[in-house]
Amino acid sequence: MHIVLQLIPKKYLIGGTLILLGLSGLLIMSTIVAITGEFESDSQQSDVTEIEGGGIGVGTANVSPEVMKYQPLLEKYAQKHGLDASYVPIMMALMMQESGGRGNDPMQSSESFCGSVGCISSPELSVDKGVLHFKSVLEKAHYDLKLCLQSYNFGGGFINYVMKNGGKYTPELAISFSQLQYQKVKHTGNYHCVRPEMVPYSACYGDAKYVDAVLKYYTGTITADGKPAAPASGGSGGKSGVKVIDAGKTLIGKTRYVFGGGRSQSDINAGRFDCSSFVRWAFEQVGMNVGPMSGVTTDTLKTQGQAINPKDMKPGDVVFFDTYKIDGHVGIYVGNNQFLGCQGKTGVAIASMAKGTYFGERFNGRVKRF
């Protein structure tokens, strides 16, 4: 063997060695992906990301990547301040209108916090105080969400004005309030119409069309009282939860895990799914729209529905796992410490989440009921 090696030119030996090393690296990476099977397609983020939200009506907020990165902070401070997480997509739409997620005060909450513009220089403090202010205004507006949004722009005086003039937000009240306030401050020269169409009305205080401006980033329905709606008939954890499981089980043995799969009808027809696209498909089979086919991810799914204590899990609840990232994998709880999901080696299958198992050690306690 030594003599054979001596007869082979050195450059071929080196080249062959590099090729073998490269193939070994590819084999190792393929094995890792196949074992974990939880990778979600972060690369599918485009200039606008669709975020799903429940509670106030399942809808879609279209926000930039700059706003998208604040979703975890918005969830964190919604929980801290006792605000239902279903309002997170609306607050993301609000942030999109306020700043597009740019700058040190992305929620423009300086004035509500300290009474002057520019006193907040920490994005996290902006989110903290912005969420707190949103909740406060929402409660004062008696959960009239449009009144809450317009008051976020005008200030609390608009709520008092509305309460004296019918008690519910209307576009006409927003214009008349802007007119009245502008008459009081126009002598300062500091106020100018942000919208040309408001000039004929002399409605140049704030943005009288702020509600429309925010909601153009949110597509969906809003309940009459603006409050998060409890899931009907017990939600996915009730009878419909069993139906979701039954629907999902029909794919056992008929699919394979494909990174980013399940986001086109051709993928679905061919049985190519990843974890979040499978969950979306299963709920679609029982008449529940939990996200767009092309844009569903674990991050969009986790903003939906009602948060459930893990001790109160029921079949049909949606469970999340920290794998390659926080909430990197998702599945549907079936009971007895098991869940139905699309995993790397098996495709759609029932897997254990009991303590000591791969998924049991990665279950992060996030449970949502759709």
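Residues are numbered from 1 along each chain as its sequence is written, and side-chain values use heavy atoms, without hydrogens and water. In this predicted model, local features need pLDDT of at least 70 and side-chain atom pairs count only at pLDDT 80 or more, while totals for chains, interfaces and linings use all residues.

**Exercise 1.** Describe how helix 7 and helix 8 cross, and state which residues make the contact.

Solution. 
1. The axes of helix 7 (residues 123-140) and helix 8 cross at roughly 130° and come within 9 Å. Axes are lines fitted to C-alpha atoms, for helices over the stretch in contact, and angles run from 0 to 180 degrees between N-to-C directions. Helices are DSSP runs (H or I, at least four residues), numbered from the N terminus.
2. Helix 7 and helix 8 are therefore oblique to each other; angles under 35 degrees count as roughly parallel, over 145 as roughly antiparallel, 65 to 115 as roughly perpendicular and the rest as oblique.
3. Contact means heavy atoms within 4.5 Å. Helix 7 contributes Gly130, His133, Phe134, Val137 and Leu138, and helix 8 contributes Leu145, Cys148, Leu149, Ser151 and Tyr152.

**Exercise 2.** Locate the second largest pocket and its lining.

Solution. 
1. A pocket is an open set of points on a 1 Å grid over the protein atoms alone, where a 1.4 Å probe fits, with protein on both sides within 12 Å along at least five of seven lines; lining residues have an atom within 4 Å of a point.
2. Of the 20 lining residues, Glu98, Gln108, Glu111, Tyr152 and Asn153 are the closest to the centre of the second largest pocket.
3. Helix 5 (88-98), helix 6 (110-114) and helix 8 (145-154) each give two or more residues to this lining; helix 8 gives the most, with four.
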